[in-house]
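Let us read a structure together, one feature at a time.

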Amino acid sequence: MDMILIVFGFLFCIVGVVGSVLPVLPGPPLGWVGLLLLHLTSAVPMNYWFLGITLVLALAIVVLDYVIPAAGTKRFGGSKSGAWGTTIGLIVGIIVPIPFGILIGPFLGAFIGEVFFNKSDNKTALRAAFGSFLGFLTGTFMKLTLSLIFTGLFIYKGIQYSDALFTS
């Protein structure tokens with residue numbers, strides 16, 4: 001049973017790394033499930049503090065991933081309309097099956113929100129849309145970094161307890 005948990009845990013960590021780049025999959029939470037599966041083995045002791053802290057980090061990154069593009073829009077001179085457009089564009093970019101929809105959606109959403117609802121000029125709208133794009137890249141970088149850390153922790157703990165894992 002331990003071997004099945006280890007294999008599935010490692011697969012969850014790998015899918016978590018991939019999901020950090022692909023918007024369809026929630027990367028950090030999937031990586032956390034991998035860590036949880038490793039701790040459910042009989043060889044690795046259950047560490048509630050470790051699991052709790054990593055869960056909070058995973059959930060915080062998920063929330064920040066939706067907040068940062070809107071914050072980037074505001075930071076680069078966008079209005080509430082641009083921030084709302086960014087969020088709506090992000091959701092539409094995930095749902096609509098076009099290539100790079102997740103990249104184009106927040107950018108276009110911020111631009112449309114600024115031009116049509118805030119009556120901003122094109123220069124201001126483009127600057128807000130660029131802020132949205134930078135926010136999206138920042139969120140993706142944070143998710144990827146945390147997922148890679150989770151995968152590294154999985155491997156480290158697997159090596160640390162490898163004698164107990166493979167003898168049971």
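**Reading helix packing and contacts**

A: Let us start with a pair of helices: α2 and α6 are roughly parallel to each other, where angles under 35 degrees count as roughly parallel, over 145 as roughly antiparallel, 65 to 115 as roughly perpendicular and the rest as oblique. Helices (H or I, at least four residues) and strands (E, at least two) are DSSP runs, numbered from the N terminus. Please keep in mind that this is a predicted model, in which local features need pLDDT of at least 70, side-chain atom pairs count only at pLDDT 80 or more, and totals for chains, interfaces and linings use all residues. Residues are numbered from 1 along each chain as its sequence is written, and side-chain values use heavy atoms, with hydrogens and water left out.

Q: At what angle do helix α2 and helix α6 pack, and how far apart are their axes?

A: Axes are lines fitted to C-alpha atoms, for helices over the stretch in contact, and angles run from 0 to 180 degrees between N-to-C directions. Here α2 (residues 27-39) and α6 (residues 122-160) pack at about 10 degrees, and their axes are 8 Å apart.

Q: Which residues of α2 and α6 meet?

A: Contact means heavy atoms within 4.5 Å. On the α2 side you will find G27, P28, G31, W32, G34, L35, L38 and H39, and they meet K143, L146, S147, F150, L153, F154, K157 and G158 of α6. Sorted by type, the residues of this α2 and α6 contact are eight nonpolar, six polar and two charged. For this sorting, Ala, Val, Leu, Ile, Met, Phe, Trp, Tyr, Cys and Pro count as nonpolar, Asp, Glu, Lys and Arg as charged, and the others, Gly among them, as polar.

Q: How do the axes of α5 and α6 cross?

A: The axes of α5 (residues 101-117) and α6 come within 8 Å and cross at roughly 150 degrees. That makes α5 roughly antiparallel to α6. A crossing is left-handed if the near helix is turned anticlockwise from the far one by less than a right angle, and right-handed if clockwise; the crossing of α5 and α6 is right-handed. From α5 the contact takes in I102, L103, P106, F107, A110, F111, E114 and V115, and from α6 it takes in N122, A125, L126, A128, A129, F130, S132, F133 and F136. By type, the residues of the α5 and α6 contact are 14 nonpolar, two polar and one charged.

Q: Which residues of α4 and α5 meet?

A: In α4 they are S81, G82, G85, T86, G89, L90, G93 and I94, and in α5 they are G101, I102, G105, P106, G109, A110, G113, E114 and F117. This α4 and α5 contact divides into six nonpolar, ten polar and one charged. The axes of α4 (residues 80-95) and α5 come within 6 Å and cross at roughly 145 degrees, and the crossing of α4 and α5 is right-handed.

Q: Is A110 buried or exposed?

A: Buried means under 20% relative accessible area, exposed over 50%, partly exposed in between (1.4 Å probe, protein chains only). A110, in helix α5, is buried, with a relative accessible area of 0%. Leaving out residues up to four places away in sequence, A110 touches T73, G82, G85, T86, A128, A129 and S132.

Q: How many salt bridges does a search of the whole structure find?

A: A salt bridge is a side-chain nitrogen of Lys or Arg within 4 Å of a carboxyl oxygen of Asp or Glu. The search finds one, and D65 and K143 make a salt bridge through their side chains (3.2 Å, N to O). D65 lies in helix α3 (residues 48-75) and K143 in helix α6, so the pair ties together parts that are 78 residues apart in sequence. D65 is buried at 12% relative accessibility, and K143 is buried with a relative accessible area of 8%.

Q: What does T140 touch, not counting residues up to four places away in sequence?

A: T140 touches S20, V21 and D65 on that count. T140 lies in helix α6 and counts as buried at 14% relative accessibility.

Q: Where is F10 found, and which residues is F10 in contact with, leaving aside its neighbours within four places in sequence?

A: F10 is found in helix α1 (residues 2-21), and its contacts on that basis are T151, F154 and I155. F10 counts as partly exposed, at 34% relative accessibility. Between F10 and G158 there are 9.7 Å in space, C-alpha to C-alpha, and the two are 148 residues apart in sequence.
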